[in-house]
Amino acid sequence: MNFIKITKRDDLPRNKAILIRGGAILLSLICAGLVMLVFGLEPVKIYTEIINGSLGSEMRIKQTIIKAIPLVITSLGILVAFKMKFWNIGAEGQIVMGAMAAAYVALHYGETPKPVLLLLMIIASMLAGGIWAFIPAFFKAKMGTNETIFTLMMNYIAIKFVTYLQYGPWKDPGAQGFPKIAQFGDNAVLPTVFGVHAGWIIALILVALMYIFINHTKKGYEITVVGESLETARYAGMNIKSIIITAMLISGGLCGLTGMIQASAIERTLTSGISAGYGFTAIITAWLARLNAIAVLVVCILFAMLIQGGAYLQIAMNVPESVASLVQGSVLFFVLGSDFFIQYKVSLQGLFRKKNAEEGRAA
Amino acid sequence: MQDKVAIQMKDISKAFGAVKANENINLSVENGEIHALLGENGAGKSTLMNMLSGIYNPDGGTISIYGKEVKFNSPKDSIRMGIGMIHQHFKLVDVLTAKENIVIGQKGSFFTRGKELSRKVREISDRYGLDINPDKKVYEMSVGEKQTLEIIKVLYRGAKILILDEPTAVLTPQEIKRLFQILRNMKEEGCAVVIITHKLNEVMEISDRVTVLRKGNSIGTVETAKVEVSNLIEMMVGKKVDLAIKKETFADPKPLLDVDNLSVLDKDKKPALDQVSFTLNSGEILGVAGVAGSGQKELCETIAGLIHADKGRIFFEGGNIVGKTPRDIIRLGIRMGFIPEDRLGMGLVGTMDIVHNLILKDYQSQPGIFLKRGPCVEKANKIVSRLDISTPDIYTPVKRLSGGNIQKVLLGREIDAAPKVLITAYAVRGLDIGASYKIYDLLNEQKSRGVGVLFIGEDIDVLMDLCDRIVVLCGGKLTGIVDPTQVTKEEIGLLMAGGTLEKEVAQA
Amino acid sequence: MEVFLAAAIVAGTPLLFATVGELITEKSGSINLGVEGMMLMGACIGFVVGLATGNPVLALGGAALAGAGGALIFAILTVTLRANQVVTGLTLTIFGTGFTRFVGQDMVGAVIPGELRTSFSKVELPGLSDIPFFGPVFFRQDVFVYLGYIIVILVAIYMFRTRVGLNMRAVGENSGAADASGINVALYKYAHIVLGGALCGLGGAYLSLVTVPIWQVDVVGGRGWIAVALVIFASWNPIKALFAAFLFGGLGILGLRLQSMGVHVSQYLVDMIPYMATILIVIISTMRNRKEGMPPSDLSNPYFREER
């Protein structure tokens, strides 16, 4: 390692960074392609089919959008937490709790007129998700407990609790023995706009709102400062505890909202699997988007394309869906690694110098 | 005789990105000598020595140890050649004992065996006069003990060449005396000792020869006995510098801030401040002296409202400010700027630019939920020109600025608010002489406007030159309030270590 | 009761391997959230090799290599390329999940060959298994469990009684100090991350080869995450990890046990207990704040010598 010189870069022109990123993605696709070859699949065909499967028809585009919506909203929620360097790994649980709260409202007040019911469901879900995030935040603010493990555990508690409800007290007697929770009535289902459920409008509005929130409000500024330098925030007289809690209420609230949307528009009921891994994927997308609300939109759509493409591969080509996960993982690894080359400059030195030194001594 | 030369560095160069830390530096150190490496902060001393200790690789030039040319690929190689470096920031593992810290990285038996190690450590302690408890955990040690441990660590590995990086920064005058005695013992034993420092008086006291660095270049090597302090300064700075700090007294100082019996407990429920009482007058600079960790930070934070005092009161403009929120206190006109060791991290956010750092103290007074950047943009421009801050523009992240400029931003922000009370801690930490004097001028200017300045500093000479009175803290207690014109540096050192003076000193 | 305890040990052994594995990784300064992924990969490859060869040693070897391979990717990204550890670990889990589903899709329902199964049947340790009460519980288990005991003891001796173990702890607490003392920080991190991954792989293999020797897609079922929590629960101490793993193994099968005793508690509510217990432990550890019981100080900080 002594002939490789590594120096930290001061600044990198925008286009060079994009070049490195692009190169990483390309490399990852090639690598994943090689793995596919080993297992007897044709990479080029698979990649084209992924694009075809996600954008190739109106129906498929809608499916892609439907998959992007929960990703976007959850990523925005995670973005707020991560900006504050609060590692909220608990999005899964917050989604589930939000869905649970929405389901409760939907099933018990199903006769309320649609707009009111939906609004109530939204509020309930955001409150539930917010509270679920508030608990670990409270302990972090009060005594500095590790939020990574706390939020992680909260995921499992939430999922297990909903499973309990699903198999127990909330089990639908009309489901003929299957452990399911009752379907929502029509009033609890989000309306469709242009063929896709209204969640897309909510998602877009939230992207704009969060962008403004982080960059142009005092609270957003405070959150950023707390994340960048806790001591400085304290010295500036900021009330750090309240900032942490506010940020986490928002974070959990957004994830809870995702739960409501999924329960209302997609499943039309509550299941323990409602979060479907979005909570974890959203961490990746939020991070890849460098915690920028607008970039989140782009990254999530791309990811949704991958997920939808993968589903299409399964149905139409009988290629396992897991191929998409492989590609996802591969892309992620390479992009993670490429960050290094953006932050540091690597140059080869000394291979020639070593020779000269030896020659000099011999002379 | 080649054998006498322990270290020979020829034409050493090293750059970090665009910054040339060392350029064509020449240095030679002999056995049995104490060699001082003198230069301002940022002159490149630590960088140079880090190449000797194997942490950095030189870009150009050669290093020879005992006449043999070497290339260090890692600290391991350097240690093997008998070089031991005592870093400014101790490289010790807190949860391990002294014994364990000495042993890590060493070759030896597979299982850790205590007796052989203890014996060797005892032998070293006796030979050089170092006192250590091998089974004490590092996090329970005092700063002086940690430094002793670092020295033993290095000697245990057979070091014959010792490099100490700013060793006296954290010691009391008494501990410094003890350290110097140890260094003299080493010199007697034939070791080569290099001491990196920017403190002129120490150079004069302990070194045989001095090499001066300035802005990455080696200016020259002289014999200490043959030079004066003023020669050294000229070499360090490049021109003659008038070292006198102006001190004027203003008539009619009125009590401004009255600290009355202040007591603060830290998180382990030990007293960080213990019944401290003093008065800060308008139009004066009141210095606060003390070893690091004597309660200075707590004093600043308590006055600023960041910590709640457990007992006592602080009177300002007729009211007790204990219990008020930091924002209220800022609004009353009390401003505080604390420069921590890493410069950023307490007053400034490194990744943000000047504008956003100004917003830090400003945004609360703005109404509404939206952030308005406009007024701070103007302020930023004003401060940059007024304090002559060197920066590409006001939108550059402050961590890119050089140390002096970072500190100017911090101080500029506080001064710009036209405070009544200005508290500054370590305002000139790491600054070169020129920049430091600009800061003193700024503070004197504030003083002439009737501001009461509380100046926490680490350099006793500066405190004596700059301040009208000096408060001395030791272990949270106030050990004395003195008039610098009537006490010696040693007496202040005594107070810093917890002693008392018999003679009458200035009133509180 | 003894039957229940013995079953708790069986349930806890995969947790044990994974916990000790992640413990080593974290003690040397890296937090690898890819435990679930590595366990899955180990379960998968272990099963594949077991199916193909019927040889237990090869099967375990394959599992360990699979886990180590995943860990190696993590090490390259986080140690050499200084990537964010939390995100990288999560990526490893996603990758491991996908990889396992991909490779295992044809194996669903496959059963490992009989001779392999018998190598993991219970073996009584003479003498030890006669100790009243504890004997049958601890010493009438399969060899894989005994391997677990041995590994715990070895790791404990390594960490606290050997020079190399001391160096490793120094690396995890203060990489700068370790480096200045001449320790090759990168090498230590790589070695322990990979070793930790191998152990996680073995933990997964226990699930696919012994616990339920039929391949199912969700064979690990979230145990990897419990292991991550158990490391904290056990205060980064291998001996405590042993008891923690068995405790949580027992909690995991408690629901069924209670139901068989006529107590009607939903299995799912009982399932929540391990996670709530972990949260409790995390809170209590933070409150106690003893220096020795804290995470290694340099955990999740990448080390860069030339940093200015």
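A: Two residues are taken to be in contact if their C-beta atoms, placed from the backbone, lie within 7 Å. The model is predicted, and for that reason local features need pLDDT of at least 70 and side-chain atom pairs count only at pLDDT 80 or more, whereas totals for chains, interfaces and linings use all residues. Residues are numbered from 1 along each chain as its sequence is written, while chains are lettered from A and ligands numbered from 1 in the order in which they are written.

Together with A:Val72, C:Leu230 has the most contacts inside the largest nonpolar core, a set of 296 residues. Such a core consists of buried Ala, Val, Leu, Ile, Met, Phe, Trp, Tyr and Cys residues joined through C-beta atoms within 7 Å, and buried here requires 20 or more other C-beta atoms within 10 Å of a residue's own (12 or fewer make it exposed, and values in between partly exposed), with C-beta atoms placed from the backbone. Another core lies apart from it and has 71 residues, including B:Ile7, B:Leu37, B:Ile195 and C:Ala180.

In chain A, A:Ile159 sits in helix 6 (residues 147-167), helices being DSSP runs of H or I with at least four residues and strands runs of E with at least two, numbered from the N terminus. A:Ile159 counts as buried because 24 other C-beta atoms lie within 10 Å. Leaving out residues up to four places away in sequence, A:Ile159 touches A:Gly93, A:Val96 and A:Ser272. A:Gly273 is 114 residues from A:Ile159 in sequence, yet the C-alpha to C-alpha distance between them is 7.6 Å.

The surroundings can be described chain by chain. Between chain C and chain A, 38 residues of chain C are in contact with 38 residues of chain A. On the chain C side, the elements that give two or more residues are helix 3 (56-80), helix 4 (85-104), helix 11 (223-233) and helix 13 (267-288). By class, that side has 24 nonpolar, nine polar and five charged residues, where Ala, Val, Leu, Ile, Met, Phe, Trp, Tyr, Cys and Pro count as nonpolar, Asp, Glu, Lys and Arg as charged, and the others, Gly among them, as polar.

The contact between chain A and chain B takes 18 residues from chain A and 26 residues from chain B. Helix 8 of chain A gives the most to the chain A side, with five residues, and that side divides into four nonpolar, seven polar and seven charged residues.

Chain B itself has 16 helices and 20 strands. Buried residues make up 45% of its 508 residues, and its C-alpha trace spans about 70 × 50 × 50 Å along the principal axes. Of the contacts in chain B between residues at least 6 apart in sequence, 67% join residues at least 24 apart.
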